[in-house]
2 protein chains.
Amino acid sequence: MKMDNPAPTSSPARAALDAGHRVELGHETPLKLDCGAELGPFRMAYRTYGTLNADRSNAILVCHALTGDQHPVDPPHSRKAGWWSLMIGPGKPLDTDHYFIVCANVLGGCSGTEGPPEIRRDTGEPWGLDFPVITIADMVRAQVMLLDHLGIEKLFCVIGGSMGAMQALQFASAYPERTFAAVPIAGAARHSAQNIAFHEVGRQAIMADPDWQGGDYMKAGTAPRRGLAVARMAAHITYLSEAALHRKFGRSLQDRKSVTYGFDADFQVESYLRHQGSTFVDRFDANAYLYITRAMDYFDLVSEHGGVLAEAFRDTPVRFCVISFTSDWLFPTPESREVVHALNAAAADVSFCEIESDKGHDAFLLDEPELFAVLRGFLQGCAEHRGLGR
Amino acid sequence: MKMDNPAPTSSPARAALDAGHRVELGHETPLKLDCGAELGPFRMAYRTYGTLNADRSNAILVCHALTGDQHPVDPPHSRKAGWWSLMIGPGKPLDTDHYFIVCANVLGGCSGTEGPPEIRRDTGEPWGLDFPVITIADMVRAQVMLLDHLGIEKLFCVIGGSMGAMQALQFASAYPERTFAAVPIAGAARHSAQNIAFHEVGRQAIMADPDWQGGDYMKAGTAPRRGLAVARMAAHITYLSEAALHRKFGRSLQDRKSVTYGFDADFQVESYLRHQGSTFVDRFDANAYLYITRAMDYFDLVSEHGGVLAEAFRDTPVRFCVISFTSDWLFPTPESREVVHALNAAAADVSFCEIESDKGHDAFLLDEPELFAVLRGFLQGCAEHRGLGR
């Protein structure tokens, strides 16, 4: 099949593109956004792993979370493994010996897909806050345009954790004919008040930083590093469980026998958080953080279907596997159960698994054997029904 | 008994003193702090309610939480009720017809007691970061010096919620002969890793604000308002429960029928949080926030007693009533249970009550009839044993 060549980019995320592809979509028909604006042409950066089979029936769309990217495996210029390298590869649950994996940077992101830090074709300036506010549905529309471009009429599966789960649910709801299966992990059909509140703290931290410059920091040659680091620190706490923080750090001190009676990082958990904040700002754009958190806040499949979530999936042919984790307090199990109840009410084919884990929300990115086992089983069953001949 | 006259203050919290008293303590014997420094003389701002009886046996020391002050009832210059006006007053659980209530602003605070925003007597400049880092034990030492000044040899009860609970536990542990009873509400014997992490986010938000000026903002005539507001917003989420946020706000929009596709406060919960942040900076000092959060982080009655919490209360004559709330995720019930188990192991007289509430940590400040009933019962029983003749 045709693959686009890696294209040069004018964004700060140039390095992130090296091992990926970038395509311009929406030349003829622009992307109609929920806000009313139209976007086109727009750039979409993506990676693929494995081989598309002859009848193009083995594609799995992997949707990334808030701060993820199109590199779940083998990220360029990084000594770190990709964010789902445990999940994707030969012999792994998303087995690249059998499946063709597509993973794109989301619309509004900062790893090469059109978003706030990208240079506008019309003005030669970064989008900044002139980028239209996008939604999860817009992200999914862009993904579908990418699938059209790749010649993939129907996915075998759409899968993702956290915001990726929102995309998987949105995809299955809006394009039921375009995927055989959907796996939303650690997600929800609508963002909760508490989660909106945490996102708002992060946005306020960014916008409070004078170096944010009203969103025009790229033109000013600055970046709201301190504000973005604080946003990341606050968010990072929500990704872990109290038990995981206790197990990892407890009240252990940082290389010292006693506290220092000062405001340096005395406790290991402080040092860890500071590190999370400072490394994040090297890989993420502050405006993209505003846009993507906003998209998550706006996500509400319930109200979009008249308050009846089952209507989002009425007569769906998609097979669902909904997964949650016991210690996830950001997207707790009741929010996955709400999805499952709606799917049951819609007479959908749905499996539900709540996985016992003390790792919190981040469990979907970590070594969770039960998660892998559940996914292997579900995908194998789907492959048999789909006639994929594994 | 002798009462100090309201004294003028040079701190930004001048107004907060108007209805209270301020005394200078530590003239002859300075306060020896855990960090090794000595403080003296130092100012202590406090309020009293009710009347001390002839044998000085009816005093209750009320210890305030992180952002509380010495005005639980009738705060000056405020249209708002005090933070414990439901709890303290004639006929209320802390009945001012029977008890003499003492409430002091904590050491390191910003309502008139010696702390970072106060003007140093020696230099005529604000303390700022030159104020010594203090601990919960230091706060309690200062409270005991105030009780000495007031001629109160032994309290009837020491009581407080959250950081007030830490002080109540510390007081009972360090001065068992100086109180008949102790009531730690929604507290813990040591600050958890997750709570240290949230405090660190708040401190980083403050210190990231250029207007913090390395702590010297008072000299510079500025204040880190944006950073302090972000710190307050993040903290405020932890004071509520997910259920309370959902009940109060859910995903309700702010005076609008649909979202605005922008970064203004679309959701009511965002507007509420922004309001919490912006009003907080008018009443609280950023450096005091650093110092008091640090004191809470350092609190660890377990490690200070060789890892055996029961040793903190060995052979204690104090009667305890430990209270927690089901939906409090900042100081969850297991942390109160740890205290109760230790008190049991120390053969102490202890009652424990977990109160069913969906209001989260802040329940201790709110209208919780079961809390009031439990306190009335406990205090009445103690009053009978103490021969207070109610």
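**Helices, domains and chains**

Analyst: Start with a helix pair: α4(A) passes α8(B) in a right-handed crossing. Right-handed means that the near helix is turned clockwise from the far one by less than a right angle. Helices are DSSP runs (H or I, at least four residues), strands likewise (E, at least two), numbered from the N terminus.

User: What should I know about the model and the numbering?

Analyst: This is a predicted model, so local features need pLDDT of at least 70 and side-chain atom pairs pLDDT 80 or more, while totals for chains, interfaces and linings use all residues. Residues count from 1 along each chain as written, chains are lettered from A and ligands numbered from 1 in written order, and side-chain values use heavy atoms, without hydrogens or water.

User: Back to that pair. At what angle do α4 of chain A and α8 of chain B pack, and how far apart are their axes?

Analyst: The angle is about 50°, and the axes are 9 Å apart. Axes are fitted to C-alpha atoms over the stretch in contact, and angles run from 0 to 180 degrees between N-to-C directions.

User: Is α4(A) oblique or parallel to α8(B)?

Analyst: α4(A) and α8(B) are therefore oblique. The classes: under 35 degrees is roughly parallel, over 145 roughly antiparallel, 65 to 115 roughly perpendicular, the rest oblique.

User: Which residues in α4(A) and α8(B) meet?

Analyst: From α4(A), they are Ala193(A), Ile196(A), Ala197(A), Glu200(A), Val201(A), Arg203(A) and Gln204(A). Their partners in α8(B) are Val269(B), Glu270(B), Leu273(B) and Arg274(B). Contact means heavy atoms within 4.5 Å.

User: And α8 of chain A with α4 of chain B: what angle there?

Analyst: About 50°, with 9 Å between the axes. Val269(A), Glu270(A), Leu273(A) and Arg274(A) make the contact from α8(A). On α4(B), the contact residues include Ala193(B), Ile196(B), Glu200(B) and Gln204(B). The crossing of α8(A) and α4(B) is right-handed.

User: How much area do chain B and chain A bury between them?

Analyst: About 4,600 Å², with 70% of it on carbon and sulfur atoms. Buried area is the accessible area (1.4 Å probe) that two parts lose on being put together, summed over both.

User: Which residues in chain B lose the most area to chain A?

Analyst: Arg251(B), Tyr261(B) and Phe263(B), together 19% of what that side buries. The contact draws 53 residues from chain B and 53 residues from chain A.

User: Now inside chain A. What packs at about 165°?

Analyst: α4(A) and α6 of chain A (residues 225-239), with their axes 7 Å apart. The two are therefore roughly antiparallel. Their crossing is right-handed. Phe198(A), Gly202(A), Ala205(A) and Ile206(A) of α4(A) meet Gly227(A), Leu228(A), Val230(A), Ala231(A) and Thr238(A) of α6(A).

User: How is chain A divided into domains?

Analyst: Domain 1 is 14-191 + 300-386, and domain 2 is 195-293. The bounds come from an automatic or database assignment. The C-alpha centres of the two domains in chain A lie 26 Å apart. Domain 1 brings 29 residues to the contact, and domain 2 brings 30 residues. Together the domains of chain A bury about 2,500 Å², 65% of it on carbon and sulfur atoms.

User: Backbone next. Where is the cis peptide bond in chain A?

Analyst: Between Gly40(A) and Pro41(A), with omega about -10°. Pro41(A) sits in the loop between β3 (38-39) and β4 (42-49) of chain A. In chain B, the bond from Gly40(B) to Pro41(B) is cis, with omega near -5°. Pro41(B) lies in the loop between β3 (38-39) and β4 (42-49) of chain B.

User: What is phi of Gln213(A)?

Analyst: Near 55°, a positive value in a residue other than glycine. Gln213(A) is in the loop between α4 and α5 (217-220) of chain A. Most residues other than glycine have a negative phi.
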